[in-house]
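Here are my notes for you to read with the model open beside you. Take the points one at a time, and find each residue on screen before you move on.

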Number of protein chains: 2
Amino acid sequence: MDIEQFRKAGYQAIDRICDYYYSLQDRDVVPRVEPGYLREHIPLQPPEEGEDFQVIADDYQKFILPGLTHWQHPSFFAYFPTACTFEGLLGDLYAGSISNPGFNWSSSPACTELEGIVMDWAANLLGLSPAFHNASGVGGGVLQTTASDSALVAVVAARSNYQREHPEVKMEDLVIYTTSQTHSLGAKAGLVLGLQVRSIDVKLEDQLSMRGNALREALEEDKQLGRKPFILIATVGTTSTGAVDNMPEIREVAKDHPSLWIHVDAAWAGMALACPENRSKLYLDDINSFAHSFCANFHKWGLVNFDCSTLWVRDRRNLTEALDITPVFLRTKQGDAGTVIDYRNWHLALGRRFRSLKLWFVLRGFGVQGFQKYIRRCIELNQQFVNLIEFSEDLSLATQPSLALTVFRVVPKPRSPEQATPSAESLNDLNRIFYGRLSARHDIMLTQTSLNGMFCVRLAVGAARTTEEHIRNAYNIVEKEAKAAIETWDQTINGVAIVG
Amino acid sequence: MDIEQFRKAGYQAIDRICDYYYSLQDRDVVPRVEPGYLREHIPLQPPEEGEDFQVIADDYQKFILPGLTHWQHPSFFAYFPTACTFEGLLGDLYAGSISNPGFNWSSSPACTELEGIVMDWAANLLGLSPAFHNASGVGGGVLQTTASDSALVAVVAARSNYQREHPEVKMEDLVIYTTSQTHSLGAKAGLVLGLQVRSIDVKLEDQLSMRGNALREALEEDKQLGRKPFILIATVGTTSTGAVDNMPEIREVAKDHPSLWIHVDAAWAGMALACPENRSKLYLDDINSFAHSFCANFHKWGLVNFDCSTLWVRDRRNLTEALDITPVFLRTKQGDAGTVIDYRNWHLALGRRFRSLKLWFVLRGFGVQGFQKYIRRCIELNQQFVNLIEFSEDLSLATQPSLALTVFRVVPKPRSPEQATPSAESLNDLNRIFYGRLSARHDIMLTQTSLNGMFCVRLAVGAARTTEEHIRNAYNIVEKEAKAAIETWDQTINGVAIVG
């Protein structure tokens, strides 16, 4: 494809993306395809000769678009939505056009320098302490692909640091601490590194937040057993329910355990720190005063296209001492002089995308106020959903709503005063029927979760185009499916009763 | 930014990318900026209010473009060029527009299905055995970010597999094997995982290729010492010189060590397997018959925008048994039924970009023949450079050229029959002066390397726009700087002589 052919195909791509966004809310959220659908449309072998780009672009419309789950759809409430903006998309387009794996300063000065600056912008936006800023020269921020990546980097830095201080400790005795509500990134870090993971139980009565006492007990027990906990992955806003671990209590415990690295995973809720009114309940002061590392994902609730996970550390040497490799072919005069950040020593791989460009575009395009406005609107929309649930006959909140996330379930009102309260197991059956009905639909997407054995449904607001109308519509669907589920469940119970 | 504003900004981005490519060869390859340059142009804080996108887009032109090293420049011969194509760029643009972290089938069926198919296309293109195809249902391919990531995944899978078979073995005794010419990914995997790395020495007389005997000796020595080598990272086309480890000999040794996982890193040279004439010298038959995993980077020499690293394994269960985590909120009916690939269990993170789209666009846009034509042209251009070096008075090949890579150095002809042969150290001094001169230039970029203590310069052909003219120009520059370096060196030697 020559430059003029690219101009034509590029204009068409822009036009088709516009069409996509105009049509988005009329599309299904969840595609109507079955496993293996694409094999019917695509041959097993690549073509021998190059094809006309128009044919390729048309095939994208014909075969790929109908097989996509539309994460940008205003009725996408599953997982955590990944709000994508045109500013971010354009940043990625420019970055792609120069395709530059800026792993050190000289391989592309602008990539390193912009990342250094924009990570400080992001730290400012979220209210992080200057200790985490690149400008401090001691702490610093770096873009990673995902929160799993960020956590893995933190665990590696913590392990390396711990091993330097305790060279006699065996790998088999090292333990990563998480809670039973920590994102799968905790278990995955353990799998990847071959280390033990201790998942500390959290309680529904504590809103699934890790408490200081539970942490202290675990630490003491492990000390007795000769195990060496070296990192706690604390969560500010869990995936399941948006639970926030009790950072002030953890801080107190950590004072007695200075070798315990505290990594704060605020992949989703971290974005809410942009609004000062959320900082206290998300324990920002504590994070600023004692966390060793902090992660938040701008690609989740931060208006930047996937992938854009921000990781800050209080001491950058913990990263470079753990990850620095400098073979001859990577040595540069600037790196040798120590005047620049060589970001390759701040992450797992060598090459890296120029991700700071899209973050820069988004932060400038929205400004601090525009960013705050979007976060506040998501929280308000969620509150609107919560209000509807609270007035519902058959639906109940499973936990306190958290920011833009609600976890709820069907708990039918008794039909008569004599009716027995259903067992926990029976209520789970009902909610599985309920979720089964919801997940069979194509016009909305929500996800399930389990809270200490209690089966629930999650609704997360975040797609940039969601409005009050979509929230009302979501509630109407949820209510209708709850009623239908109760009917089926009633019949099952009666059916079982008859057979019995 | 609304949809029509995006259309306008998008058209402009496409136009500016066209301008960029029209002007590329008239630009400097290496920017004229000093560390810290960008801080003079960008405030320390993000703006309070959103800015007009035109201002942002103009700032990209004003402040970012002049600070970029232009990897797509036809005179970029450093590292390994990352050939970027418009087809790949458009694939990334469409993928970004739907911003979809397709970590399992239901989170976006098309993403998983296309990756499954296109990885088989790529395997076909490179001549990989059907055992590695996804269609086999046993082996399979997955897209990773970089070769470091791919190697890390392979090491984790190998370690996990080894530990299942040898549960009594301590982590401290595990050893990763590399050679002294392995990419930094080997050392980094060791750092990340906290495992020992044994770097087996390779010899210049073997063209820096790992030989079977050296591997066998290392294995026997480690057996005596109670160490447990569990993976060998063999390289087909090293970064330094394009050396190819002797896979037939390694295969013989591996027969006696069935617990040793063989990972083949062909990040760069793997692309040359697309041309049948290269398959024998890159030992494709051996790779197909016994390698456990194989990595090649389409973002390097494969016309796809960074990042696009392809990893194949002979047994997908080795990945899923090492990396599978399935919390409740990630369970789906399709995943539970086992009818689909859940790619999140094939890599380190959870979320993943829709990278297969750009690979699909490139393979269709070029076809097998177009892809082969590009690879062959790069090899021919490199051969042209080699021919010029071979006729040069002052320049010599340091090793046999490999595909599209030449490693060379200044070795001046004696000025008179009486002149003493310079020492190895003195020749290194000369070549450091030579490379210092080359790296002070802005119109070309090459990188250095060290071969068992011998300082050399590398020239790698790969940028999509490099022509014969750029090769001749590169040679003229190299020759001129060699002469100038010799002059300085002569003076230094004479100066030292006079002082002595």
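Which side chain meets that of Glu321(A) in a salt bridge? Keep in mind, as you look, that this is a predicted model.

1. **A bridge in chain A.** The partner is Arg164(A): the two side chains come together with N to O at 3.0 Å. Glu321(A) belongs to helix 11 (residues 317-323) of chain A, while Arg164(A) belongs to helix 5 (residues 147-165) of chain A, so the pair links distant parts of the chain, 157 residues apart. Glu321(A) is partly exposed, with a relative accessible area of 44%. Arg164(A) also counts as partly exposed, at 37% relative accessibility.

2. **A buried bridge in chain B.** Now turn to Arg352(B) and Glu115(B), whose side chains form a salt bridge at 2.7 Å, N to O. Arg352(B) sits in the loop between helix 12 (333-337) and helix 13 (356-390) of chain B, and Glu115(B) sits in helix 4 (residues 109-126) of chain B, so the bridge ties together parts that are 237 residues apart in sequence. Are these two residues buried or exposed? Both Arg352(B) and Glu115(B) are buried.

3. **Another bridge in chain B.** Glu249(B) and Arg211(B) form a salt bridge in which the closest N and O atoms are 2.7 Å apart. Glu249(B) is in helix 8 of chain B, and Arg211(B) is in the loop between strand 3 and helix 7 (212-224) of chain B, 38 residues apart. Glu249(B) is partly exposed at 24% relative accessibility, and Arg211(B) is partly exposed at 33%.

4. Some salt bridges share partners and join into one network. Its members in chain A are Asp92(A), Asp307(A), Arg353(A), Arg355(A) and Lys358(A). From chain B come Asp92(B), Asp307(B), Arg353(B), Arg355(B) and Lys358(B). For the overall tally, a search of the whole structure finds 66 salt bridges over all chains.

5. **Where the chains meet.** How many residues does each chain bring to the contact? Chain B gives 149 residues and chain A gives 150 residues. The area buried between them is about 13,000 Å², and carbon and sulfur atoms give 66% of that area. Across this interface there are 12 salt bridges, and one to look for joins the side chains of Asp92(B) and Arg353(A) at 3.5 Å, N to O. There are also 65 residue pairs in polar contact across the interface, with both residues at pLDDT 80 or more. On the side of chain B that touches chain A, helix 1 (residues 3-23) of chain B makes the largest share, with 17 residues.

6. **The sheet in chain B.** Here 7 strands form an open sheet with mixed pairing, in the order 1-7-6-5-4-2-3. Strand 1 (140-144) and strand 3 (196-200) of chain B are the edge strands, each pairing on one side only. From one strand to the next the twist averages 20°. Strand 5 (residues 261-265) and strand 6 (residues 293-297) of chain B run parallel and are joined by 3 bridges; His263(B) stands opposite Ser293(B) in strand 6 of chain B. Helix 8 (residues 247-255) of chain B lies across strand 4 (228-235) and strand 5 of chain B, at about 165° to strand 5 of chain B.

7. **The sheet in chain A.** In this case, 4 strands pair antiparallel in an open sheet, in the order 8-9-11-10. At its edges are strand 8 (395-397) and strand 10 (447-451) of chain A. The twist averages 45° from one strand to the next. Strand 10 of chain A is joined by 5 bridges to strand 11 (residues 454-460) of chain A, and Thr447(A) has Arg458(A) as its bridge partner there. Helix 13 (residues 356-390) of chain A packs on the sheet, touching strand 8, strand 9 (405-410) and strand 11 of chain A.

8. **An enclosed helix.** Why is helix 6 (residues 184-193) of chain B described as largely enclosed by the rest of the structure? Because 8 of its 10 residues are buried, including Leu185(B), Val192(B) and Leu193(B).

Key: Residues are numbered from 1 along each chain as its sequence is written. Chains are lettered from A and ligands numbered from 1 in the order in which they are written. This is a predicted model: local features need pLDDT of at least 70, side-chain atom pairs count only at pLDDT 80 or more; totals for chains, interfaces and linings use all residues. Side-chain values use heavy atoms; hydrogens and water are left out. Buried means under 20% relative accessible area, exposed over 50%, partly exposed in between (1.4 Å probe, protein chains only). Helices (H or I, at least four residues) and strands (E, at least two) are DSSP runs, numbered from the N terminus. Two strands pair if DSSP finds at least two bridges between them. Axes are lines fitted to C-alpha atoms, for helices over the stretch in contact, and angles run from 0 to 180 degrees between N-to-C directions. Contact means heavy atoms within 4.5 Å. Buried area is the accessible area (1.4 Å probe) that two parts lose on being put together, summed over both. A salt bridge is a side-chain nitrogen of Lys or Arg within 4 Å of a carboxyl oxygen of Asp or Glu. A polar contact is a pair of N or O atoms within 3.5 Å; within protein, one must be able to donate a hydrogen and the other to accept it, and residues adjacent in sequence count only if both atoms are side-chain atoms.
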